[in-house]
Amino acid sequence: MSVRPLPRGLAPLNGESLPGLILRLAYRLERSPARIASLCGLDHPQNRIPAEYLIALPPDRIPDFATATRLHEDEVHALTLSSLWATYPPLQAARIDGNRNTTAASRMWAANLSSRYCSECLAGDGSPVQNAYGGPWKLSWHLPVTFACTVHRRLLAQSCPRCGGMPNRPSNTERQGLVMQRAVGGLHPAQCRHPAVPTTSTHAAPCGARLDEALPSAALPNTALSLLLALQNRIDQRLLLNHQPDDAARAAPDRHFFADLIVAAQLVRLSWPDSASFMPPLKVLIDTVDRHVANSVQRTTTGRRISNRWAAPQDPAECGALLLAASLLLGDERPEDQALIDRVQPLAATSLNRSTASIAAMLRRMDVSPDLARALVPRSIGFYRAGGHRHTRQKIPSRPSTFDLRHVPALLPQELLLAHFHDLLIEWKDHSEWDVRHLRRVASLKLAEMSGGGTWPQCAEVLHIPWNTAQQSLKVLKRNFTPNGLWPLFNQSVEAVAVQLDGTSARIDYRRRREVLQNWRIPDTHWAELYDDLVQFRQGSTSPSSHTATVLAWAAVTQGDHLHSPLLTALRSSGSSTQQVVASINALRSPANRKGAKLELLNRIEAYASRLAARCDHSVGAPPPGHETPIGSGPISTGSD
């Protein structure tokens with residue numbers, strides 16, 4: 001059946017919702033909401049007005065509805081929550097259809113099918129059309145984050161003052177739809193549609209109480225009310241950003257605002273009363289959150305199935321107070337990263353310990369800002385915890401950095417160690433040379449986490465450090481640092497390194513060096529020039545070879561562990577012994593042997609490695625094999641011999 005324009009229409013009021021317009025049209029045309037929906041092309045096989053139409057009308061229904069109501073399709077779109085998708089991201093994850101329980105949208109802080117309301121807004125603005133047909137049922141009232149009316153400076157109401165029913169939330173077995181008791185006509189849009197007496201019948205007489213009559217607002221001191229209204233105003237401004245004409249104004253605010261606010265509210269709720277310190281020092285607000293948390297705990301301990309532990313509080317005062325605490329936890333402006341971490345981490349630890357696995361999973365899945373993500377990820381000895389659930393949030397760098405993973409070697413360079421770890425090494429009694437090597441490795445793992453994110457095994461993989469080697473280094477430091485309280489000093493030292501790397505533009509690309517030297521071997525002519533006149537090395541099982549020079553040069557250029565060099569790795573893979581090469585390196589590097597010819601050879605290899613590093617840093621690509629030049633006469637080859 002083709003849809004025709006209604007004999008009389010109504011222009012949508014500012015901010016009006018789809019069910020609100022249907023109720024006003026039904027009252028004006030003296031028809032039931034169900035009949036109006038049918039005339040506007042919103043028929044449904046189950047003879048209902050689907051609740052999911054509040055989120056978005058199906059594309060094939062929009063033209064008919066626009067024709068019947070004489071509206072532009074953009075005006076139809078503005079009646080549904082889809083018009084707020086860009087500014088209220090929880091709506092983007094809401095999936096409501098005829099086969100899905102609508103409580104899922106509420107549980108995700110996406111939408112409430114029941115609407116809070118302001119009686120003064122429903123009474124209208126005094127214009128003839130609003131005097132006759134009532135003011136708007138506002139679309140934003142369906143959002144869990146809308147708890148107050150800033151125009152009339154009052155908290156919203158959530159239920160009928162006579163019967164206690166919540167607008168559009170059936171108390172019987174009726175399936176929740178867009179409009180409650182849709183077949184009942186003759187009611188003013190602001191009249192309660194709940195049954196006057198609780199019943200399972202869908203044909204019971206409605207309560208009929210006028211919700212547009214002035215109701216006493218929640219008794220709050222002016223100071224508390226002003227704080228809640230200021231927060232609601234911030235929220236309303238965020239919701240209206242997609243209607244601003246200036247693209248820059250729309251793009252400027254943080255897109256994570258609502259996700260951060262929701263997660264922070266959940267942290268406040270789960271960690272209460274630890275989080276009470278973030279409430280304003282107003283007893284009425286603290287008592288409001290305390291009452292909400294106590295009721296939630298009571299429902300849980302009595303064994304009732306709680307399917308919406310994540311959902312926003314239904315009571316507007318409780319919701320507003322909880323969001324106010326969350327806002328203060330986050331800070332009005334984007335805080336310094338470490339300050340936010342210091343505030344959030346203790347609450348996150350408490351929340352995760354108290355909550356169920358499903359709540360913890362929701363915390364991990366929320367698309368929060370990088371700052372909040374860093375604060376939420378569990379940590380162990382200063383690193384992102386490696387065990388448990390894996391999530392992309394753990395790939396968030398643990399601090400904002402201008403350097404990145406390319407600039408982190410497998411072992412912290414000695415000059416950075418000496419510059420920033422002096423105090424730590426003094427406090428670390430009786431450490432050995434191998435202990436310092438473990439320290440250099442763990443410091444690099446931490447720099448990788450700072451700049452690229454990830455757990456320590458993920459950082460080890462990026463830096464080409466075997467998992468068991470990284471684990472052993474962490475064990476050594478944990479055994480020495482934990483009893484002596486040295487982890488804070490370690491973190492301060494690594495942070496100092498990170499600050500230095502942030503402040504310099506002449507950073508070394510160690511990743512490029514590793515890539516260039518992956519298949520590199522020192523050319524025979526270069527090795528001969530390095531070794532030719534050092535005759536006492538001619539004999540012995542630990543005498544150096546070209547393999548020795550290759551491994552040591554690679555380690556110096558890449559600041560990597562010589563035991564994990566490509567050459568030794570290739571020998572192990574082929575089943576060949578690495579014993580002679582490793583023994584020759586140990587003999588050269590032993591402190592007792594660093595003299596005479598051995599010291600001279602080490603110095604020559606170090607100078608050679610310096611020129612090799614320069615070639616890696618400045619060449620576009622490795623020269624072809626066989627392109628060799630004498631050591632003292634210019635650039636050297638990075639190709640295979």
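Okay, let's start with a hole: the largest cavity in this model holds about 260 Å³ of space. A quick word on what we're looking at: this is a predicted model, where local features need pLDDT of at least 70, side-chain atom pairs count only at pLDDT 80 or more, and totals for chains, interfaces and linings use all residues. Residues are numbered from 1 along each chain as its sequence is written, and side-chain values use heavy atoms, with hydrogens and water left out.

So how do you find a hole? Rolling a probe the size of a water molecule over the atoms shows where empty space is left. Here that's done on a 1 Å grid over the protein atoms alone: a cavity is a set of points where a 1.4 Å probe fits but cannot get out, while a pocket is an open set with protein on both sides within 12 Å along at least five of seven lines, and lining residues have an atom within 4 Å of a point. Points are joined across faces, edges and corners, and a volume is the space filled by probe spheres set on them.

How many cavities of 30 Å³ or more are there? There are 2. Back to the largest: 24 residues line that cavity, and L23, W137, P167, N168 and L178 lie nearest its centre. Its lining has 14 nonpolar, 8 polar and 2 charged residues. For those classes, Ala, Val, Leu, Ile, Met, Phe, Trp, Tyr, Cys and Pro are nonpolar, Asp, Glu, Lys and Arg are charged, and the others, Gly among them, are polar.

The second largest cavity has about 40 Å³ of space. Its lining includes L23, Y27, R31 and H188. Which helix gives the largest share of that lining? Helix α1, residues 18–29, with 3 residues. Helices here are DSSP runs of H or I, at least four residues, and strands are runs of E, at least two, numbered from the N terminus.

Now the pockets. The largest pocket has about 1000 Å³ of space. Of the 33 residues lining that pocket, Q414, R440, A556, R589 and R594 lie nearest the centre. α27 gives the most, with 8 residues, and the helices that each supply at least two include α16 (414–420) and α18 (433–452). By class, this lining divides into 17 nonpolar, 8 polar and 8 charged.

The second largest pocket comes to about 850 Å³. N14, G15, K138, S140 and L240 are nearest its centre, out of 32 lining residues, and α8 provides the largest share, 4 residues.

Last topic: the aromatics. Rings of Phe, Tyr and Trp (its six-membered ring) pair if their centres lie within 6.5 Å; planes under 30 degrees apart are stacked, over 60 edge-to-face, and the rest tilted. The count is 13 aromatic pairs. Take F481 and F490: their ring centres are 6.2 Å apart and the planes sit at 50 degrees, so that pair is tilted. W487 also pairs with F490, edge-to-face this time, at 5.4 Å centre to centre and 90 degrees between the planes. Those two both lie in helix α21 (residues 487–502), 3 residues apart, about one turn of the helix.

Buried or exposed, W487? Buried, at 10% relative accessible area, where buried means under 20%, exposed over 50%, and partly exposed in between (1.4 Å probe, protein chains only). F481 is buried at 0%, and F490 is buried at 0% too.
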